[in-house]
Amino acid sequence: MFAFSSVVYSNPYNNRMDEFIDNLMSKMTLEEKIGQLNLPASGEIITGQAKSSNVAERICKGQVGGLLNLKGVERIRDLQKLAVEESRLGIPLLFGMDVIHGYETIFPIPLGLSCTWNMEAIEQSARIAAIEASADGICWTFSPMVDVCRDARWGRISEGNGEDPYLGSEIARAMVRGYQGDAMKRNDEIMACVKHFALYGGAEAGRDYNSVDMSRQRMFNDYMPPYKAAVEAGAGSMMAAFNDVDGIPATGNKWLMTDLLRKDWGFDGFVVSDYTGITEMVDHGMGDVQDVAALSVNAGVDMDMVSDAFMTTLVRSVEEGKVSEETIDTACRRILEAKYKLGLFEDPYKYCDLKRPAKQIFCDKHRKIARKIAAESFVLLKNEGNILPLQKKGTVAVIGPLANTKANMPGTWSVAAVAENIPTLVEGMRFALGDKVDIITAKGSNLMSDAAYEERATMFGRSLNRDSRTDQQLLNEALEVAAKADVIVAAIGESSEMSGECSSRSELDIPDTQRTLLEALLKTGKPVVLTLFTGRPLVLNWEHKNVPAILNVWFGGSETGSAIADVLFGDVNPSGKLTTTFPQAVGQLPLFYAHKNTGRPLGEGRWFEKFRSNYIDVSNDPLYPFGYGLSYTTFEYGDVILNTKSMSMDGEITATVNIKNAGNYDGYEVVQLYIKDLIASVTRPVKELKGFKKIFIKAGETKTISFKISPEMLKFYNFNIDYVVEVGDFDVMIGPNSRDVKSARFTLR
Ligand code: BGC
């Protein structure tokens with residue numbers, strides 16, 4: 001027997017889910033059903049005083065389906081107790097949080113994580129995030145974020161997996177597996193929420209929340225695949241995007257939420273709006289609060305995050321016939337099903353084991369794994385004269401505004417991170433290197449001089465660590481420190497607030513104060529290594545021209561400092577490859593490798609020719625292409641060999657290439673397979689990623705790598721949005737990045 005407050009259910013787990021929920025719903029009033037659709041702001045809740053919090057009353061009245069971004073297992077347990085013991089039907093709550101790239105053990109920002117091209121590592125990062133979050137009472141994460149983005153101006157490019165739909169789909173699947181594990185049966189497996197459905201990364205001009213207007217072909221070929229992959233992987237929930245899609249905000253878009261998501265893709269979880277996404281449709285011009293709430297639930301959005309629009313209007317809309325009771329029932333059922341799948345009806349305290357946090361959160365085991373994964377996410381952009389790796393001896397000056405800050409290490413959306421536990425770059429390096437290297441340090445400059453940024457950062461409750469000393473004083477100190485060093489490591493770039501939500505930028509240079517510092521450090525004549533912190537591709541023409549070595553470290557998470565030491569001093573040979581194109585100029589954006597040819601294409605590597613599709617002031621090339629990243633060794637690719645030049649519709653081709661590690665270091669290489677469909681019924685990209693393998697090759701060794709190519713891999717959405725494969729010629733390209741490929745041709749008959 002199992003009892004909730006006054007209601008007694010006969011052992012629900014002997015019944016099937018449907019029967020259990022039918023039974024429960026037969027006891028629910030319309031108001032209680034609408035209550036389940038409500039995810040209000042948690043407000044300030046102090047542990048032990050949950051009963052007197054502002055949401056407590058609503059929980060007791062059955063007006064709350066779940067809460068978000070509350071940290072602390074005791075607090076969560078107290079609130080769950082209220083729901084279970086003091087609401088009429090005792091329905092447990094969902095506790096959701098933005099556990100985006102780790103909980104307290106923080107992994108690299110998702111964009112960095114994607115640059116590992118290592119699906120096991122990515123899955124493991126999600127698994128550890130789930131273990132830690134669930135130990136602290138969380139059963140639902142607002143992740144993975146799978147929005148494809150091709151415009152570095154958009155601050156949220158940092159939260160996604162870059163520009164490619166194929167890689168994005170692989171990552172989406174890995175993340176869902178990592179969070180949900182074995183169908184959320186265990187108490188350390190949590191429900192994923194795929195976001196932001198859909199196309200949020202396609203915001204016009206990279207401005208956050210902006211309109212998205214794209215052809216169905218681009219939508220289905222380039223932007224939809226990762227969401228679909230996450231659905232196929234069994235994700236339990238989806239989050240609606242803020243933007244409009246084809247003229248209707250996603251949050252009120254029935255074609256998106258019902259026809260595509262449920263009918264075509266077979267999604268059977270629930271959909272939550274984004275934060276106030278429902279009432280924001282008033283500003284989109286879709287009606288008043290009652291109108292937009294009705295629009296949303298009728299479209300297929302089941303839960304209202306923070307708007308309170310469902311709570312305040314849906315009863316009236318049912319009375320007025322604007323929303324049917326059946327629609328409310330459907331939404332309510334989906335949320336109850338999620339709770340059932342999570343096992344909360346069997347044990348509402350499944351995620352409230354007070355003994356777990358001390359053992360499982362930010363533990364050594366997790367931190368070691370985070371350090372390894374962080375090192376794998378770094379991308380070596382330049383290494384002139386093999387200045388890296390550095391030798392473990394002498395004096396190294398670590399200089400820059402990112403050298404001694406804890407708050408800026410984890411990166412955007414690290415809701416649960418405890419900044420004071422996170423080593424600074426210098427602390428992490430000292431920990432990793434012990435007394436082998438003398439590390440001296442100076443700040444050198446403020447992060448930026450623009451007061452607007454400071455205002456913004458303060459608004460978000462974070463500090464930019466602004467110094468009371470003048471720019472000149474900071475610089476003088478840095479030069480004194482630099483004078484004592486054998487090598488300078490410049491720790492500069494964006495602060496963590498400069499990317500992420502609502503952090504779009506119209507210029508993508510390194511902030512002026514830091515550029516001045518870098519120039520001064522280079523003038524010392526000492527070797528300078530730039531460790532670049534960033535949440536997005538930056539425009540690095542000047543740095544590329546002037547700085548001998550550049551290691552892009554994104555925001556590497558809680559173990560950033562040690563991981564940087566591991567790579568700079570050669571314990572780890574860098575293997576990260578870019579999953580997003582670095583432009584030469586903001587004016588080139590959006591810029592991505594899988595573009596189409598025009599009728600007047602500019603020859604590759606050409607600067608300017610009249611009447612070609614180009615700019616008069618910059619070539620069409622990126623500074624660093626998709627897939628690019630150096631190693632301390634060099635890999636030599638042989639020719640692409642196909643086992644046959646002709647493939648039938650039920651056939652298969654094997655493409656093979658020999659890769660030699662021609663340098664002095666063992667290393668990992670991400671071997672990339674691209675395909676081009678030469679002639680089709682619609683224009684097709686110049687190449688598309690269709691496979692990759694991350695392989696280890698010892699110095700001097702040669703490995704033979706093969707990819708199987710099947711007609712299924714050649715499919716695309718045609719003009720009528722049918723998913724088809726068309727006969728004809730295809731180029732198979734294999735290489736270390738999207739630019740430097742070798743190719744062979746076959747015919748599909
Ligand atoms: C973001 C979501 C996030 C939500 C809850 C919104 O502002 O767009 O990605 O999950 O807030 O914190």
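Which residue forms a salt bridge with Lys392? Select Asp571 to find out: its closest approach to Lys392, N to O, is 2.8 Å. Keep in mind that this is a predicted model.

**Stop one: Asp571 and Lys392.** Show both side chains. Asp571 sits in the loop between α22 (560-568) and β19 (635-637), and Lys392 in the loop between β13 (379-383) and β14 (395-399), so their bridge ties together parts 179 residues apart in sequence. Now check the surface at Lys392. Lys392 is partly exposed, at a relative accessible area of 30%.

**Stop two: Glu123 and Arg177.** Select these two next. Their side chains form a salt bridge, 2.8 Å from N to O. Color helix α6 (residues 119-135) for Glu123 and helix α7 (residues 165-180) for Arg177; the pair links parts 54 residues apart in sequence. Glu123 is partly exposed, with 25% relative accessibility. Arg177 is partly exposed too, at 39%.

**Stop three: Asp731 and Arg745.** Move to the strands. Here a salt bridge joins the two side chains at 2.7 Å, N to O. Asp731 belongs to strand β28 (residues 728-735) and Arg745 to strand β29 (residues 742-748), so the bridge connects parts 14 residues apart in sequence. Is Asp731 buried or exposed? Asp731 is buried, with a relative accessible area of 12%. Arg745 is partly exposed, at 42%.

**Stop four: a network.** Select Arg127, Arg186, Asp188 and Glu189 together. Salt bridges with shared partners join these four residues into one network.

**Last view.** Zoom out to the whole model. The structure holds 47 salt bridges, among them the pairs Asp571–Lys392, Glu123–Arg177 and Asp731–Arg745.

Notes:
Residues are numbered from 1 along each chain as its sequence is written. This is a predicted model: local features need pLDDT of at least 70, side-chain atom pairs count only at pLDDT 80 or more; totals for chains, interfaces and linings use all residues. Side-chain values use heavy atoms; hydrogens and water are left out. Helices (H or I, at least four residues) and strands (E, at least two) are DSSP runs, numbered from the N terminus. Buried means under 20% relative accessible area, exposed over 50%, partly exposed in between (1.4 Å probe, protein chains only).
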